[in-house]
Amino acid sequence: MEIRDASVAELVVAVQGGSRIAFTGLYERFHRVVHAVVLARVHAGDAGDVVQDVFADAWAKLATLREPAAFPGWILAMARNRATDHARRRHPISDDTADLAVAPPPTSEAAAALRAIRELPETYRETLIMRLVEGLTGPEIALRTGMTPDSVRVHLHRGIKLLREKLGGQP
Amino acid sequence: MSDDADYLWDKSGDDPEVAGLERLLGGFAHQAPLRAPPPRRRRAAFIAVSVVVVAAAVVIAVLLVRRGDERGVQLAAVDGGAAPDGFGFQVSGGAALCDGAAAHAGSAGTLRVGGWLETEVGATAVVQVADIGEVRLKPGSRLRLVGTGPGEHRLELAHGRLSARVTAPPRLFVVDTPVAAAVDLGCAYDMEVDDAGQTHLRVTSGAVSLEGHGQASWVPWGHEVIAVPGRGPGTPVRSDAPAVLRDALARFDAGEGGGWSRSPLGIVVDEAGGQDAVTLWNLLTRTAGADRAAVFARLDEVAIRPEWVLEEDVLAAQPQALESWRESLEGTWNLGP
């Protein structure tokens, strides 16, 4: 099985059989959406570690996933839980100076834009970060989250409209 | 920022402002490789069913309920984003009546606040819901515009069928029926109301909260629910659920009990799998005592429960615990077909 050509369900089955290579395949496909989910709740400086924790958890628990095709929703739910837990125990998201603790440091304008996205309703936060931060297209987001393309499109358009209002027309 | 949908959707168009946001925020993108996964732990055994008898039934604080019979709500004056003259509509395939005046096929009109729109056999009316979406009223149906304002757009389907597609913040669009209220949470759905008022809701995108009689059913896409007179909304079930599950849920909603092994709830719990997390979650507020404990155990087996959602809080139907679990399940519910 070529990792690149395998379906998500095939990769999951392979990982459940102990394949680490297949697991790297899942990571390649999902690390950006997982990061987006985490970044919607956690400072940028901490998000990378939380992403690694999520995948470590996934590696340990993947055997309990009964329906391999449900992997996208499963790992994103895990990411939401991990990120929420981290935010409660560590840093309030309102302290945005920690967003600058990444290399290379982003501009304060970038930190402000990220903060504006985080202030949007939860429904739109993740999708907008997947699109604007991670650079995924709408169809790619649908594929990696399990959402329908229609839902993704709606989230993007509603979200960008709200973001535009928050930023006062300034990107 | 322009409204260039193509670039935002698939980068095929040209939208300098969205591209500017991408450049601004791209520094936060994740690029780190996977760290070596740790040795795999042994698979955790599924939690065995632990039947706990809750000593006293807890008054269920229903989540997100706005009573469906709060029909007397006074809507804000029409202004701002609302449709000042009501909702425009267009008729096709036959004739319709708008406040008693005939509207023939191909004609357009305005449904004003308090007015009724009735489609005759073969006629369909497409009603524009302010600037947030549209309702397609099917033949032989009767629809009223209850109110429209910046905080809420509200219709009433007395009988017949409609399809709604709305793009708006949650709870901005509501459709009342004789037995419940469908509160839009950003969605598309089909609704049918029979002459007795029984309401059948099938969600095709997003989610709807069907509310009434102090009960709320959270119905995400791919699920449907029935509300009957005198009982309020039933338990949602996925649209492709097997007959045995549907039948058992219908009997449970009708109040049928019986010994556990042959009871409708027993059948539901036995038959429910990972795809039925929505049904099981909704059952947590419809059961008590040992029944709720059994539902909890099954849901805990088939779905991820956040660490901070404690078993005892779920068994007590503690609203925050239920809501936290629902939120964590939402990603799974969003799975596409």
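In chain B, Arg161(B) sits in strand β9, residues 152-166 (helices, H or I of at least four residues, and strands, E of at least two, are DSSP runs numbered from the N terminus). With a relative accessible area of 36%, Arg161(B) is partly exposed (buried means under 20% relative accessible area, exposed over 50%, partly exposed in between, with a 1.4 Å probe and protein chains only).

Which residues does Arg161(B) touch, not counting residues up to four places away in sequence? They are Arg136(B), Leu137(B), Lys138(B), Pro139(B), Ser141(B), Met191(B) and Glu192(B) (contact means heavy atoms within 4.5 Å). Met191(B) is 30 residues from Arg161(B) in sequence, yet their C-alpha atoms are 5.6 Å apart in space.

## About the model

This is a predicted model, in which local features need pLDDT of at least 70 and side-chain atom pairs count only at pLDDT 80 or more, while totals for chains, interfaces and linings use all residues. Residues are numbered from 1 along each chain as its sequence is written, chains are lettered from A, and side-chain values use heavy atoms, leaving out hydrogens and water.

## Nonpolar cores

Now to the nonpolar cores (sets of buried Ala, Val, Leu, Ile, Met, Phe, Trp, Tyr and Cys residues joined through side-chain atoms within 4.5 Å). The largest has 64 residues, and those touching the most other members are Leu26(A), Val34(A), Val38(A), Phe71(A), Ile75(A), Leu132(A) and Leu163(A). Helix α2 of chain A, residues 20-39, gives this core its largest share, eleven residues. Apart from it lies another core of 40 residues, including Cys98(B), Leu111(B), Leu137(B) and Leu201(B).

Phe71(A) is in contact with Val8(A), Val12(A), Leu26(A), Phe30(A), Leu62(A) and Leu65(A), leaving aside neighbours within four places in sequence.

## Helix α1 of chain A

Helix α1(A), residues 8-16, has Val8(A), Leu11(A), Val12(A) and Val15(A) as its buried residues. These cover an arc of only 100° around the axis, so they lie on the same side of α1(A) (the arc is that of the directions from the helix axis to the C-beta atoms). They pack against α2, α3 (44-61) and α4 (71-89) of chain A. After α1(A) comes Gly18(A), with a positive phi near 105°.

The contact involves Arg131(A), Leu132(A) and Val133(A) of α6(A), and Val18(B), Leu21(B), Glu22(B) and Leu25(B) of α2(B).
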